[in-house]
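I opened this notebook to keep track of what I looked up, entry by entry. The structure comes first, and my notes follow.

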Amino acid sequence: NADLLLVYAPSEDAFQAAKDAGVELETAEIGMDALVFLVNEGNPVQSLTHEQLVDIYTGKITNWSEVGGEDRDIVAYQRVENSGSQVMMENVVMDGQPMMDAPREYRPSEMGALVDEVASYRNSADAIGYSVYYYVTEMYLREGVKLLAIDGVAPSNEAIASGEYPYTQYNYAVIRKDEREDSPARQLFDFLTTPEGKALMAAQGYVPAA
């Protein structure tokens, strides 16, 4: 249904679906983004370690007091299966460790809904969730939310580009491998990997691929 996709790393299911449909895909790394963790601004916790995050999402840590916060149960939001941020969470944070089951109400289907839940009065300082850096800093700014540092490193364009912030992943342009050389989709696909294309992405607030 589309000539060109600009996406986070697709799941293996997506590649398999294309293969099953007889389509071979061509991908190119065009930028970098990061998985970031959001809490309510009323939460005193400023930073978590990688190990603490994994323990929260496997259910080993269940109270904020265990990570330097108040004596409150942790409400850990997830995304729906095969969403970009969920695939990123499983790949760059959990690294094969199974995440605890979450009730449907803790798995918003829309990324903006997750941000709203973390910011909402009802959840106060209990909630934690995750999203992608560009979305929550450029596309869906929301008062009442703050981003956590990971192992003491706060997410920023500079920390993402340098790799100092740990949970980074490439953005991809995707077309059919048999896309014609003179087609608009192929021309845009090729342009995004040029110095001019990277400069355009940087001007829009993205972190271009090296």
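**Entry 1**

I began with arginine 186 and glutamate 181, whose side chains meet in a salt bridge with N and O 4.0 Å apart; the term stands for a side-chain nitrogen of Lys or Arg within 4 Å of a carboxyl oxygen of Asp or Glu. Are the two partners, arginine 186 and glutamate 181, buried or exposed? Arginine 186 counts as buried at 5% relative accessibility, whereas glutamate 181 counts as exposed at 59%.

**Entry 2: what I am looking at**

Before going on I wrote down that this is a predicted model, in which local features need pLDDT of at least 70 and side-chain atom pairs count only at pLDDT 80 or more, while totals for chains, interfaces and linings use all residues. Residues are numbered from 1 along each chain as its sequence is written, and side-chain values use heavy atoms, with hydrogens and water left out.

**Entry 3: other salt bridges**

How many salt bridges does the structure hold? I found six. One of them joins arginine 72 to glutamate 70, with the closest N and O atoms 2.9 Å apart; arginine 72 is partly exposed at 29% relative accessibility, and glutamate 70 is partly exposed at 37%. In another, the side chains of arginine 176 and aspartate 178 meet at 3.2 Å, N to O. Here arginine 176 is partly exposed, with a relative accessible area of 36%, while aspartate 178 counts as exposed at 56%.

**Entry 4: strand S2 and its partners**

I turned next to strand S2, which covers residues 25–40. Helices (H or I, at least four residues) and strands (E, at least two) are DSSP runs numbered from the N terminus, and two strands pair if DSSP finds at least two bridges between them. Which strands does S2 pair with? Nine bridges join S2 to S8, and the two run antiparallel; within this pairing, threonine 27 has valine 174 as its bridge partner, and alanine 28 has alanine 173. S2 also runs antiparallel to strand S9 (residues 207–208), joined by two bridges, and there glycine 31 stands opposite proline 208. With S5, S2 pairs in the antiparallel sense over five bridges, where leucine 38 has glycine 129 as its bridge partner. Three bridges, again antiparallel, link S2 to strand S6 (residues 145–147), and valine 39 stands opposite lysine 146 there.

Strand S8 (residues 168–176) is also joined by four bridges to strand S1 (residues 5–8), and these two run antiparallel; the bridge partner of tyrosine 8 in S8 is asparagine 171.

Why do I call S2 largely enclosed by the rest of the structure? I do so because 12 of its 16 residues are buried.

**Entry 5: the nonpolar cores**

I then looked for nonpolar cores, each a set of buried Ala, Val, Leu, Ile, Met, Phe, Trp, Tyr and Cys residues joined through side-chain atoms within 4.5 Å. The largest has 44 residues, and those with the most contacts inside it are Phe37, Tyr57, Met89 and Ile128. Among the elements that give two or more residues to this core are S2, helix H2 (50–58), helix H3 (84–94) and strand S5 (127–132), and the largest share, seven residues, comes from S2. A second, separate core of eight residues includes Ile30, Ala173, Ile175 and Phe189. As general background, I noted that in soluble globular proteins nonpolar side chains tend to be buried together.

**Entry 6: a buried asparagine**

Asparagine 43 is buried, with a relative accessible area of 2%, and a polar atom of its side chain lies 2.9 Å from the backbone nitrogen of valine 45.

Technical notes
Buried < 20%, exposed > 50% of the residue type's maximum accessible area, 1.4 Å probe, protein only. Polar contact = N/O pair within 3.5 Å; in protein donor to acceptor, adjacent residues only side chain to side chain.
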